[in-house]
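Take a guided walk through this model. Keep the sequence and the 3D view side by side as you read.

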Amino acid sequence: MRRLLRVSSFRAVLVYLGLFLASTGIVLLFLHGQINRALTSNNDKALWRDAAMMNQSYALGGLSEVEKLVAQQSQLSGVGVYLLADGLGRYIAGNVPAFPAPADTQMQEDGWLHLRLQAPFAEARARLVRFDDNLVLLIGRDLSAQQATMADLARSFFIALLLLAVFGVIGGGLMGRQALARVENINHSLRAIISGDFSARIAPSSSQDELADLEAQINQMLARIESLMLAMREVTDNLAHDLRSPLTRLRARLEKLSLSAQKTGQADDIEQGLADIDQLLSLFTAVLNLSRMEAGTGNMQQQKIAVKPLVDEVMELYQAVFEDAGWTLDHVVDKAATTAHIIGDRHLLAQALINLLENALVHGVGSPPHLTLSLTRRDQQIIIAVTDTGSGVDDHQLAHIRQRFVRLDESRSRPGNGLGLSLVDAICRRHGGQLHLSNHRPSGLRCEICLMVRE
Amino acid sequence: MRLLLVEDDPTAADLLIDRLRCDGDIVAYAENGEAGLAQATQDAFDVLIVDRLMPKLDGLTMVRQLREQGADTPVLFLTALDSVDDRVAGFAAGGDDYLVKPFAYEELRARLEALMRRKQPAQDTMLTLADLTMDVIARRVTRGAHEITLQAREFSLLEYLLRHKGQVVTRSMLLENVWHYNFDTQTNVIDVHISRLRNKLDKEFSAPLLHTLRGRGFVLQSADKLGDL
């Protein structure tokens with residue numbers, strides 16, 4: 001339900017339904033008043049006719065004629081209320097025995113009275129007709145039938161509104177669910193693409209509406225991206241092959257020369273040449289790996305990996321290196337993080353962590369040099385953090401150090417090619433995670449690899 | 001060693017063959033996969049060195065067909081394709097080792113030696129070299145009368161060295177086979193572990209067993225036999 005409430009079409013239906021119900025309610029209220037007024041007006045007309053008939057009979061035959069007519073009308077079962085009385089209010093004829101008490105009598109506009117009567121009547125709308133000083137007629141209409149009709153009508157109106165609301169919510173829910181399913185379909189395909197499957201497409205829906213147009217557009221865009229990616233992959237693969245072949249020959253020639261160069265004293269130069277080739281190659285490999293990772297063209301293993309053993313293994317490999325370099329180490333594991341698993345590529349993640357450790361080893365030497373490797377869990381995230389006690393990084397440079405070829409020592413004399421953090425960043429993003437960099441107080445750099453936990 | 005090199009770049013092949021012959025190997029050459037497959041089925045070789053991208057028949061298909069015919073000659077892929085996928089595909093096709101171009105000759109040499117001697121039974125559980133003994137089942141290492149206490153990874157490292165005793169093993173071979181990572185590191189991480197192992201193994205004894213060969217790698221061997229390497 002909460003998911004449905006986030007769907008825009010369902011929310012639109014709900015808002016529209018609310019407005020529609022409110023306006024319908026107002027219309028029905030108005031209609032109810034109009035019908036009530038029409039019924040009252042009809043009653044009043046009948047009563048006036050009745051009163052005119054009484055007046056006429058008094059004019060023709062005096063008291064006896066009126067008394068006869070009142071008695072006759074009172075006999076008829078119906079809504080008529082009659083009381084013929086003398087000048088002192090004493091009963092002469094009619095179906096009401098006496099005038100109601102003043103408390104049960106309410107004066108209304110234009111001489112109308114609203115009366116509360118004894119059974120069989122309930123409430124009545126009535127007038128007084130005065131024939132002479134000694135003869136008065138109370139003539140009225142019982143209201144209970146009209147009131148019952150109006151109450152029935154109000155109940156019907158209310159039920160109609162309720163049905164409208166129920167059908168509206170159900171209809172809106174169905175529409176929302178359908179829209180949600182189709183958007184979910186699009187999202188599903190896009191997620192596959194984000195994780196590197198560029199051949200994924202949105203399954204076409206049967207309807208021909210604006211969403212279908214959108215799906216077709218996205219599919220076209222995906223086809224374009226895929227062809228660009230394939231072209232890019234072909235270029236990098238060809239480049240890799242074409243560059244490696246001459247380098248292989250060059251290296252073999254230099255090695256051959258170095259065998260005979262022992263005598264001529266050029267061995268050192270040739271050794272240096274070989275080292276230069278290897279450095280060139282390692283830079284080239286790093287650029288290629290980074291490009292593949294950022295472009296998502298290199299296929300990545302999608303295995304379930306337990307994070308703690310992976311971190312332990314890397315730490316076990318590097319602990320000795322740090323200790324021999326005079327560092328002290330802390331390896332902190334949050335209890336909730338010990339069983340966490342993620343989906344991804346073990347080699348890539350190990351490489352990311354190793355890059356961070358080697359970075360710390362070269363750039364994060366503090367006094368005393370100390371490294372904290374921590375594994376913590378925060379909700380659905382697992383965080384592998386490497387913190388050193390070095391001088392850290394200026395705040396304004398924090399945002400830049402993950403960019404390609406950015407090196408903070410101006411002379412570029414320290415080892416490294418400026419691609420290490422870029423690769424870590426790309427590996428994290430390829431796994432749907434992030435690399436967070438921050439300065440640690442009082443001094444040091446803190447690098448966090450944040451990944452989503454998969455149960 | 002009898003070797004077959006299957007490689008479509010004749011210049012690179014010539015350079016490599018020269019070097020291998022200098023070291024006393026007998027090297028046959030095929031310039032594409034089809035010719036390579038024919039030669040490999042006709043003659044007996046100790047190790048096949050196979051490029052991947054070749055005309056007529058690529059290296060992967062060649063090795064797959066060779067394996068289907070029942071040949072178990074060790075295969076080392078020597079290729080410009082360096083991604084993890086390529087590597088996995090190489091092993092899946094029946095390759096035994098994978099080296100990316102360009103390579104240091106010593107790296108290739110060490111891997112060829114390892115492949116050739118791989119045929120020795122790996123299920124030995126008592127490994128020895130001079131007065132060094134490793135009981136793989138009981139996880140016990142002794143040198144002379146002294147027991148040497150090793151951590152788990154040090155034990156694996158020594159076991160690998162003992163199973164390749166007398167052979168040069170390179171840093172990347174150790175990283176691949178002991179730690180199971182196949183990427184290069186920027187630091188001397190393997191050297192640090194070797195030097196720690198050497199401390200436990202050789203420090204108290206007059207005859208060192210674990211040696212570093214500059215520019216080549218490491219070897220576990222009695223000092224008096226080092227001259228052969």
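Predicted model: local features only at pLDDT ≥ 70, side-chain atom pairs only at ≥ 80, totals over all residues.

α6(A) bends by about 35° at A:Y318. A:Y318 is also one of the buried residues of α6(A); others include A:V307, A:L310 and A:F322. After the helix comes A:G326, whose phi is positive, near 90°.

Now turn to the rings. Over all chains, the structure holds 6 aromatic pairs. One of them joins A:Y16 and A:F20, and this pair is stacked, with 6.3 Å centre to centre and 20° between the planes. Both residues lie in helix α2 (residues 8-75) of chain A, 4 residues apart, about one turn of the helix. A:Y16 has 58% relative accessibility, so it counts as exposed. A:F20 has 34%, so it counts as partly exposed.

A:F322 counts as buried because its relative accessibility is 0%. A:W327 is buried too, with a relative accessible area of 5%.

Next, chain B. Is strand β4 (residues 75-79) of chain B enclosed or open? 5 of its 5 residues are buried, so the strand is largely enclosed by the rest of the structure. In a regular strand, side chains alternate between the two faces of the sheet. Here B:V75, B:F77 and B:T79 point one way, while B:L76 and B:L78 point the other way.

β4(B) has partners. It pairs with strand β3 (residues 47-50) of chain B in the parallel sense, over 3 bridges. In this pairing B:V50 stands opposite B:F77. The chain crosses from β3(B) to β4(B) through helix α3 (residues 59-68) of chain B, a right-handed β-α-β crossover. Strand β5 (residues 97-100) of chain B also runs parallel to β4(B), joined by 4 bridges. There B:F77 stands opposite B:Y98. Helix α4 (residues 84-92) of chain B carries the chain from β4(B) to β5(B), and this β-α-β crossover is right-handed. Ring pairs also link B:F77, B:F91 and B:Y98 into a cluster.

Last, look for charges over rings. The charged end of B:R139 sits over the ring of B:F155, 4.1 Å from its centre. In chain A, A:R127 lies over the face of A:W112, at 4.9 Å from the ring centre.

Key:
Residues numbered from 1 in each chain as written. Chains lettered and ligands numbered in written order. Heavy atoms only, no water. Buried < 20%, exposed > 50% of the residue type's maximum accessible area, 1.4 Å probe, protein only. Helix = DSSP H or I, 4+ residues; strand = E, 2+ residues; numbered from the N terminus. Pairing = 2+ DSSP bridges. Right-handed = clockwise from strand over helix to strand, strands pointing away. Bend = angle between axes of the 7 residues up to and from the residue. Phe/Tyr/Trp six-rings, centres within 6.5 Å; stacked < 30°, edge-to-face > 60°. Lys NZ or Arg CZ within 6 Å of the ring centre and 35° of its normal.
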